[in-house]
Structures are given as C-alpha cells and as structure tokens.
Amino acid sequence: MKVTTTPPEFAGTSADLGFDPNAILLERPGLLLEPAFLNALREELEKDLGHDVAPLALFQIGLLHGLRDAMQWVAEAFSTGTSHDAESPALTMRLSPRAASGAAGTFEIHGCWPGKRESMARQARTGPCEEPSCFMSAGYTSGWLSGTLDTEILALEVTCCTAGNDVCGFVARNAEAWRGLGDPRATRLLDAMPLSAFRNTIRADLARQDVDPDGFDPNAPIVQIWGPVMVIPYAGAEETMRAAEMIGSDPGARDVTVVVLDLTGAMLDDAFGALALERIIETVEAYGAETIFAGLSPLSAPIVDDLEHQPLFVEKDVEQAIATAFQISESRRNLA
C-alpha cells in the first residue's frame with residue numbers, strides 16, 4: 001500500500017508540483033471548495049513552504065483541477081457532439097468577455113466568483129487581509145479557461161471580499177496580453193503555470209480511468225494523509241490494518257485525528273469483513289482518533305449495522321466523508 005502526504009513538496013515553481021494522478025485531490029475537485037479542507041490545506045502549505053510560496057502552490061492546485069475539468073468537458077462534448085451531459089466547472093464563475101485594448105490577438109474576460117467560498121474560508125481563519133487572496137480560485141479559472149479555449153490564459157484576482165470589496169472579481173487575459181502589460185503579479189503566476197506538464201498528467205489519468213471507469217484498483221491502494229485527516233482505501237484486512245497502525249508509527253501521521261475508511265468497491269463478508277472493520281475502528285480509537293466510513297455498498301451496509309464498535313459517521317461518498325472529517329478535526333482543535 002502506497003502512502004502520500006499532502007501537500008506535496010513544492011519547490012515553488014511549476015516543474016516541481018508532482019501530483020499523483022490517483023490522488024483523491026485530483027479526482028474530486030469539489031473537495032477543494034470545502035472551507036475546513038481549504039483552511040487545513042492552506043495552513044499546511046504555509047507551514048511547509050512559507051507565506052510567499054504557499055499562494056503559488058494553491059494557484060497550481062486550482063490550475064490542475066480547472067484544466068482537468070475543462071479537458072473532460074471538451075472530450076465529452078467532442079465525443080457526443082454536445083456539452084449537455086458534460087461536467088460543469090466545480091467552481092461557479094460569472095464571465096463577461098470584453099474587447100482588449102492591447103495588440104491584435106489579445107483579449108480579456110472579466111468575471112467574479114459569486115460563491116465567495118475561498119474568500120469566506122480565508123476570513124474564517126485569518127480575518128480580513130489587505131490584498132486579494134483567492135489563489136486557488138484564480139488557478140482553477142485559469143485552468144478552466146485555458147483548457148476550454150486551448151490557449152494559455154491567466155485569471156488574476158483584482159477585487160476580493162477579504163480586502164473589503166463587495167465581490168471577488170478577476171480579469172482573465174491570454175499570456176501575450178499579460179506580458180505586454182508587464183504586471184509583476186501576472187508575470188509571477190504565468191511562470192507558475194505548467195500547462196504542458198499538467199496536460200500530460202491529466203491525459204494519463206483519463207486514460208487510466210478508461211481502463212478502470214470506477215477508479216478502483218485493489219492492487220495499488222494509496223493512503224492519503226492531509227494533516228489531521230487520513231484516507232485509507234480498503235484493500236483487505238491485513239493491508240488496511242497496517243495502514244491504520246501508521247497513526248502510531250509514522251511521523252507523517254502524527255497529527256491524524258480522523259480516519260476516513262474508503263470502502264468503495266470493497267466486497268465484505270459477514271465473518272472476516274466484520275472482524276476486520278471492528279479491528280480497524282478499535283485500532284484508530286486506541287490512538288485517540290475517530291473513524292468515518294465512506295462508499296459503503298448496500299450489500300455491505302448490514303455488516304456495518306451489526307458492528308459492536310461503530311464508526312463515528314457513515315457517509316455516502318468519499319468527498320463528503322473527507323469534508324466531514326476536516327470539520328470534525330477543526331472542531332476538536334478549537335475545543336483543545
């Protein structure tokens with residue numbers, strides 16, 4: 001069973017991002033809009049990378065997800081001849097194209113993020129700030145527009161609710177237009193836009209999904225550790241137990257307070273399956289953490305209902321379970 005921690009080790013620029021295509025972060029962009037998760041991720045990035053580099057990492061994470069959503073949207077629209085069934089952006093955007101004032105071939109799009117979710121998460125953690133701070137939203141929008149329009153486009157936030165503005169608004173221009181303006185913020189973000197590398201990563205991931213549409217590979221489970229939250233894909237009793245025991249032995253798991261056990265695709269039996277789940281819950285509780293089950297199939301639900309030791313929650317899907325886990329960990333930290 002492989003283990004990966006988030007955030008990955010950024011060196012501050014595009015080539016060093018190194019996302020695992022199998023990571024839940026890559027497959028579930030909606031998770032990034034959960035305030036508790038976003039604050040935990042921002043805090044980890046600032047701790048590991050510093051306040052100057054962390055915004056670039058947030059921008060790149062958003063960029064990866066926006067580009068991935070766009071490439072899926074374009075691929076489905078191309079294959080079906082319509083975009084009706086294709087996934088819409090995970091981040092709600094209001095766009096207003098305008099004529100550019102620069103050289104021929106340049107253009108600009110003005111818009112805003114009406115949900116203000118990243119701004120609200122930032123305010124909840126740090127209060128007001130002087131400058132725009134929705135870096136992940138800017139990255140997602142840059143990736144979405146770059147993917148759908150098949151060119152290099154940067155969205156730069158110009159107004160932000162955390163800075164006292166009424167809306168979180170942005171201006172998006174193609175790279176040529178930004179470089180012609182010489183805006184230092186835009187230049188720094190353009191240098192952190194690894195579109196070519198991200199496209200290759202996403203193509204490989206989409207190809208993997210074509211082979212395994214459900215994304216469940218019992219031969220290569222990956223344990224995800226994001227600060228206080230650990231996600232363990234169920235891969236049999238012994239493998240999963242060893243992953244749970246990492247809480248007490250692995251320095252990378254020392255802050256874990258909630259474990260999400262991903263049962264998606266798992267086939268449990270009444271005897272060994274129930275015993276394995278009991279042992280996992282007991283092991284996690286022994287280390288002072290809580291357990292949440294996710295992705296439980298209807299056939300396995302009766303087994304969980306009959307457990308003597310119950311998980312704290314049972315969520316329908318992994319994304320909701322992770323969001324709940326971060327809410328629980330944040331509440332525990334506030335009570336400490």
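A salt bridge here is a side-chain nitrogen of Lys or Arg within 4 Å of a carboxyl oxygen of Asp or Glu. This is a predicted model, so local features need pLDDT of at least 70 and side-chain atom pairs count only at pLDDT 80 or more, while totals for chains, interfaces and linings use all residues. Residues are numbered from 1 along each chain as its sequence is written, and side-chain values use heavy atoms, leaving out hydrogens and water.

**View 1. Arg242 pairs up with Glu239 inside helix 9.** Their closest N and O atoms sit 2.5 Å apart, which makes a salt bridge. Both residues belong to helix 9, three residues apart, or about one turn of the helix. (Helices are DSSP runs of H or I, at least four residues, numbered from the N terminus.) Arg242 is partly exposed at 47% relative accessible area, and Glu239 is partly exposed too, at 25%. For these labels, buried means under 20% relative accessible area, exposed means over 50%, and partly exposed is in between, using a 1.4 Å probe and protein chains only.

**View 2. Arg279 reaches Glu238 in another helix.** Here the salt bridge has an N to O distance of 3.6 Å. Arg279 lies in helix 11 (residues 272-286) and Glu238 in helix 9 (residues 237-244), so the pair ties together parts 41 residues apart in sequence. Arg279 is partly exposed at 32%; Glu238, at 46%, is partly exposed as well.

**View 3. Asp191 meets Arg179.** The closest N and O atoms of this salt bridge are 3.8 Å apart. Asp191 sits in the loop between helix 7 (184-190) and helix 8 (195-211), and Arg179 in helix 6 (residues 175-181), twelve residues away. Asp191 has 48% relative accessibility, so it counts as partly exposed. Zoom out to the whole structure, and a search finds five salt bridges.

**View 4. Helix 2 crosses helix 4.** The axes of helix 2 (residues 35-49) and helix 4 (residues 117-126) come within 9 Å and cross at roughly 65°. (Axes are lines fitted to C-alpha atoms over the stretch in contact, with angles running from 0 to 180 degrees between N-to-C directions.) The two helices are therefore roughly perpendicular, a label for angles of 65 to 115 degrees. In helix 2, Pro35, Leu38, Asn39, Arg42, Glu43 and Glu46 meet Arg117, Glu118, Ala121, Arg122 and Arg125 of helix 4, where contact means heavy atoms within 4.5 Å.

Conventions:
Angles under 35 degrees count as roughly parallel, over 145 as roughly antiparallel, 65 to 115 as roughly perpendicular and the rest as oblique. A crossing is left-handed if the near helix is turned anticlockwise from the far one by less than a right angle, and right-handed if clockwise.
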